[in-house]
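Q: Please walk me through a close look at one part of this model, and spell out the terms as you go.

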Amino acid sequence: MQQQKSFNNEEEKGILYLVPTPIGNLEDISFRAIRMMKEADFIAAEDTRNTKKLCNYFEIETPVISYHEHNKESSGQKIIEKLKSGQKIALVSDAGMPTISDPGYELVVSAVAEQLTVVPLPGANAAMTALIASGIQTQPFYFYGFLERQKKNKKKELQELSRLSSTIILYESPHRLKETLKLMIEHMGDRKIVLCRELTKKYEEFIRGTITEAIAWAENDEVRGEFCLILEGATEVIPEEGDAWWNELSIAEHVNYYMEEKELKSKEAIKQTAVDRDLNKREVYRIYHIEE
């Protein structure tokens with residue numbers, strides 16, 4: 001067991017400070033974050049150009065070094081050596097909380113392994129900012145972050161997430177949003193969703209509705225900015241395959257359940273039934289209309 005007393009002998013030891021930066025509005029930075037960045041020996045940044053702009057705005061003159069996804073092994077080792085020599089390092093990402101869908105996790109692991117002090121600062125975070133204004137249940141929630149880019153892997157992730165009763169928080173880029181929403185309706189069924197973009201900025205926007213409505217919005221409006229998606233959890237937990245809730249239902253009854261209880265249109269009810277049973281959608285359509 002390792003016990004860290006963060007502020008014992010603070011002046012005499014190396015410390016890795018995890019410093020959140022604004023996700024849009026620069027006024028969201030804390031006084032403490034500015035102080036830590038000023039007092040640190042170095043600022044380790046995901047993108048040195050972006051961080052230098054922030055430093056210039058707040059008159060922070062601390063040297064900035066690079067730490068990002070592509071140099072995290074070599075740069076991380078250099079940072080560990082600086083910490084071991086007693087230096088203070090402030091780790092920042094381009095926006096928000098370090099290590100949350102941003103670089104830093106491996107550096108924290110290395111620092112902990114060396115029994116170095118890691119001190120987190122509270123601050124801006126897109127997921128929590130979006131969740132509390134979404135209008136969807138805030139507790140419990142499950143933060144997932146970015147889905148896999150490859151369609152096959154993304155389908156598998158959504159199928160696994162579809163069983164969760166907790167509110168789900170995802171991040172998505174603008175050019176993958178339409179595909180992700182369409183895969184959601186296919187593998188998770190229609191449910192409430194909130195698309196949040198440009199958080200804390202002048203053009204902040206919340207698009208609230210169902211996944212079906214979100215797809216229509218994405219097809220007809222300009223999709224810009226990074227998105228945080230707040231997704232309603234499953235209203236009932238679906239058992240694992242082999243003990244499925246629909247085992248005793250015919251395919252027609254299965255489709256009717258979604259139409260009557262979930263108020264899905266026949267097309268979406270047939271699609272969801274096909275997903276549940278791992279059948280071809282056309283086959284479900286044919287069987288449903290024969291039995292009807």
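A: Happy to! Let's call two residues in contact when they have heavy atoms within 4.5 Å of each other. The model is a predicted one, where local features need pLDDT of at least 70, side-chain atom pairs count only at pLDDT 80 or more, and totals for chains, interfaces and linings use all residues. Residues are numbered from 1 along each chain as its sequence is written, and side-chain values use heavy atoms, leaving out hydrogens and water.

A brief stop at S6: leaving aside residues up to four places away in sequence, S6 touches K13, I15, T117 and V119. S6 sits in the segment before β1 (15–18); strands here are DSSP runs of E, at least two residues, and helices are runs of H or I, at least four, numbered from the N terminus.

Now for the sheet itself. In the order β6-β7-β10-β8-β9, 5 strands make an open sheet with mixed pairing, where two strands pair if DSSP finds at least two bridges between them. At the edges are β6 (141–146) and β9 (205–210), each pairing on one side only. Within the sheet, β7 (167–172) and β10 (227–231) pair antiparallel over 5 bridges, and E172 faces F227 of β10.

Two helices join the picture. Helix α8 (211–220) packs on the sheet, touching β8, β9 and β10, and its direction makes about 130° with that of β9; axes are lines fitted to C-alpha atoms, for helices over the stretch in contact, with angles from 0 to 180 degrees between N-to-C directions. Helix α5 (126–134) lies across β6, β7, β8 (192–197), β9 and β10, at about 45° to β10.
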